[in-house]
Amino acid sequence: MMPMRSVLSRFRALVPVLAFAVLVLQSLSAEAEDRAKLEAFLTVTGFDVALDSIALSAEHAPEMLGMSQSDFGSSWSMMAEQVFARERMHGMAMDMLASTLSDELLTHAADFYASDLGQRLVEVENASHLADDDMKAEAGEALLVQYRADDPARVKVLEDLVGAVDSGEHGVRAIQEVQIRFLMAASHAGVLDGEIDEGALRAIMAENAEELRESIAASSLVSTAYTYQDFSDEELEIYVSALRQDEMQQVYELMNAIQHEIMANRFEHLADRMAGVHLGEEL
């Protein structure tokens, strides 16, 4: 049997190691708990589906370069799916949220969207994110024509809702930045013939900002009319009031920034992949 003094000596030596192990386990447990809260936040707010819808924008990438999907042969679909993989975008969003979203803001947004009204709103928003754009535009336009003729108060509520989510300035800057980063990445990668001057490109974008702003406002109103057609004016007014709260404004500003950063990042990677494909040949 080991002498008691020796046992105590070894135990004392183990105390710092055990204490460190406990701290590590506590840290891992806290991190896992935080990640679980973020996962729940993505689901309850519908932000996970909004992230998934980023992949739908890839179909317009060749057009932005004056090309078509057929220029990349049958490689295009697989290439786009790999670059805009759901797991990758989901992980990027989780990492960004983990370092920027406070518990207070998370709780504030989650509490609203977890309500009966909030969950109904998320359900239709999720469906709208993944709906066919042409169908949505046609149906939304028809609803707006009807509202403008018979129910102008409804149009005002929809306009308030659009403004509560984004005044238009952020959307214009974000979309233009995504386009600039994609075009510059494509230029540097050699996808385009000749190089693009970034200063000149930004100047052109600035000249077209007002036109883009008007286009975004019009399309947002059409989309909003379609998405929330089954909600009463009173319900939408409650939503507008919730969205205008400072906490929710901060949450939306953060989510919009994350969504656009992921989109820009993925488009830059897409440009690199496009450069590695010989036009019309397989990967």
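**Exercise 1. Is Asp-52 buried, exposed or partly exposed, and which residue does Asp-52 form a salt bridge with?**

Step 1. Asp-52 has 25% relative accessibility, so Asp-52 counts as partly exposed. Here buried means under 20% relative accessible area, exposed means over 50%, and partly exposed is in between (1.4 Å probe, protein chains only).

Step 2. Now for the partner: Asp-52 forms a salt bridge with Arg-86, and their closest N and O atoms are 3.2 Å apart. The term salt bridge asks for a side-chain nitrogen of Lys or Arg within 4 Å of a carboxyl oxygen of Asp or Glu.

Step 3. Asp-52 sits in helix α2 (residues 47–52) and Arg-86 in helix α5, so this pair ties together parts that are 34 residues apart in sequence. Helices (H or I, at least four residues) are DSSP runs, numbered from the N terminus.

Step 4. Arg-86 is partly exposed too, at 38% relative accessibility.

A quick note before going on: this is a predicted model, where local features need pLDDT of at least 70, side-chain atom pairs count only at pLDDT 80 or more, and totals for chains, interfaces and linings use all residues. Residues are numbered from 1 along each chain as its sequence is written, and side-chain values use heavy atoms, with hydrogens and water left out.

**Exercise 2. Find what His-90 touches, leaving aside its neighbours within four places in sequence.**

Step 1. Start in helix α5 (residues 86–100), where His-90 is found.

Step 2. His-90 is buried, with a relative accessible area of 15%.

Step 3. With those neighbours left aside, His-90 is in contact (heavy atoms within 4.5 Å) with Glu-39 and Leu-42.

Step 4. The side chains of His-90 and Glu-39 are also joined by a polar contact of 3.0 Å. That term means a pair of N or O atoms within 3.5 Å; within protein, one must be able to donate a hydrogen and the other to accept it, and residues adjacent in sequence count only if both atoms are side-chain atoms.

**Exercise 3. Which residue meets Asp-95 in a salt bridge?**

Step 1. Look at Arg-35: its side chain and that of Asp-95 meet in a salt bridge (3.2 Å, N to O).

Step 2. The two belong to distant parts of the chain, with Asp-95 in helix α5 and Arg-35 in helix α1 (residues 4–45), 60 residues apart.

Step 3. Asp-95 is partly exposed, with a relative accessible area of 47%, and Arg-35 is partly exposed at 29%.
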